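Please look over the sequence and the model shown here before reading the notes that follow. They are grouped by topic.

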Amino acid sequence: MSVLMHLCRGCRHRATSHDGGDRGYSSCRCCLGPGDIDPEPVLVETFRCPGGQPEALYRPGTLWNAGTTHRLELCSCTRCHQRYAELTAAQGSRSGASSGASSAGLSAVSRSR
Ligand SMILES: [Zn+2]
Ligand SMILES: [Zn+2]
Ligand SMILES: [Zn+2]
């Protein structure tokens, strides 16, 4: 799933590395402190394996990979909710576009392989 997350401007690691849970798993010295967390969330896109289509964006504040050791509580700050609203609105209008857009996407994929 695609998610929004905050990165540290000092070391570019995830904000979650700086605030408890993950701390200690990293050898990064910056992550031992509070870091310099960018208030603007970064979109981390994931793609379905066959097809290469972008996966749906996870809603801020929900649990990601619930029930696994990789679970991660997504940030639910105002900026994340704003970005989520912007991105989901854009995706909605894109899916209504004609089939010409999707065939252009397919040729781009075949060229890259
Ligand atoms: Zn770090
Ligand atoms: Zn840092
Ligand atoms: Zn946030």
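Where in the chain does R12 lie? R12 sits in the loop that connects strand 1 (3–5) with strand 2 (42–44), strands being DSSP runs of E with at least two residues and helices runs of H or I with at least four, both numbered from the N terminus. This is a predicted model, in which local features need pLDDT of at least 70 and side-chain atom pairs count only at pLDDT 80 or more, while totals for chains, interfaces and linings use all residues. Residues are numbered from 1 along each chain as its sequence is written, and chains are lettered from A and ligands numbered from 1 in the order in which they are written.

**Fold**
- The chain holds 2 helices and 4 strands, and from the N terminus its elements follow the order β-β-β-β-α-α.
- Of the contacts between residues at least 6 apart in sequence, 54% join residues at least 24 apart, a contact being two C-beta atoms, placed from the backbone, within 7 Å.

**Burial and R12**
- Of the 113 residues in the chain, 13% are buried, which requires 20 or more other C-beta atoms within 10 Å of the residue's own, whereas 12 or fewer make it exposed and counts in between partly exposed.
- R12 counts as exposed because it has 11 C-beta neighbours inside 10 Å.
- R12 is a residue other than glycine with a positive phi, near 65°.

**Confidence**
- The mean pLDDT (the predictor's confidence in each residue, from 0 to 100) of the chain is 79, and 73% of its residues reach 70 or more.
- Confidence is highest in strand 2, at 92, and lowest in helix 2 (residues 99–112), at a mean of 49.
- Residues 97–106 have pLDDT below 50, and beyond near neighbours in sequence this stretch has 0 contacts in the model.
- Where pLDDT is low, the predicted coordinates should not be read in detail.
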